[in-house]
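Here is a short briefing on one protein model. Keep the sequence and the 3D view open as you read.

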Amino acid sequence: MRRRSEWPFLLKLAGHLAMGASLGTGLALVLLMMDTGRIIEMIVSSAQPRMTTLVFVGVLGSTCAVGATVTGLIFMLAEDDRT
């Protein structure tokens with residue numbers, strides 16, 4: 001019995017991670033540009049505006065990356081069960 005390689009599975013998972021991270025970072029940057037919730041005012045009034053901006057973009061990007069990875073994992077496992 002041949003053991004199936006897990007590299008393609010991990011590469012697909014890494015693709016979902018990268019896709020989620022880029023979409024989350026893009027969303028954060030769009031929110032900063034549009035400033036609908038007066039996010040810029042809150043960031044500028046903080047003690048360290050540069051660090052606050054980086055944390056905002058990083059947290060939103062990371063959250064979307066984890067969500068996309070978990071969703072991709074669920075879809076790949078469901079697809080694997082069907083075959």
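Val59 has its place in helix H3, which covers residues 49-82. Keep in mind that this is a predicted model.

**Two helices in contact**

- Two packed helices are described by the angle between their axes and the distance between those axes.
- Here, helix H1 spans residues 7-34, and its axis comes within 7 Å of the axis of H3.
- The two axes cross at roughly 145°.
- The crossing of H1 and H3 is right-handed.
- The residues of this contact divide into 18 nonpolar, 8 polar and 1 charged.

- A loop lies between H1 and helix H2, and Asp35 is in it. Helix H2 covers 39-44.
- Arg38 also belongs to the loop between H1 and H2.
- Most residues other than glycine have a negative phi.
- Asp35 is not a glycine, yet its phi is positive, near 55°.
- Arg38 is not a glycine either, and its phi is positive at about 55°.
- Is Asp35 buried, partly exposed or exposed? Its relative accessibility is 25%, so Asp35 counts as partly exposed. Buried would require a value under 20%.

**The salt bridge**

- How many salt bridges does a search of the whole structure find? The search finds 1.
- Arg38 forms a salt bridge with Glu41. The closest N and O atoms are 3.5 Å apart.
- Why does Arg38 count as exposed? Its relative accessibility is 51%, and exposed means over 50%.
- Glu41 has a relative accessible area of 46%, so Glu41 is partly exposed.

**A distance to trace**

- Find Thr71 in helix H3.
- With a relative accessible area of 37%, Thr71 is partly exposed.
- Now go back to Asp35 in the loop between H1 and H2. Thr71 and Asp35 are 36 residues apart along the chain.
- How far apart are the C-alpha atoms of Thr71 and Asp35? They are separated by 29 Å.

Methods. Residues are numbered from 1 along each chain as its sequence is written. This is a predicted model: local features need pLDDT of at least 70, side-chain atom pairs count only at pLDDT 80 or more; totals for chains, interfaces and linings use all residues. Side-chain values use heavy atoms; hydrogens and water are left out. Helices (H or I, at least four residues) and strands (E, at least two) are DSSP runs, numbered from the N terminus. Axes are lines fitted to C-alpha atoms, for helices over the stretch in contact, and angles run from 0 to 180 degrees between N-to-C directions. A crossing is left-handed if the near helix is turned anticlockwise from the far one by less than a right angle, and right-handed if clockwise. Ala, Val, Leu, Ile, Met, Phe, Trp, Tyr, Cys and Pro count as nonpolar, Asp, Glu, Lys and Arg as charged, and the others, Gly among them, as polar. A salt bridge is a side-chain nitrogen of Lys or Arg within 4 Å of a carboxyl oxygen of Asp or Glu. Buried means under 20% relative accessible area, exposed over 50%, partly exposed in between (1.4 Å probe, protein chains only).
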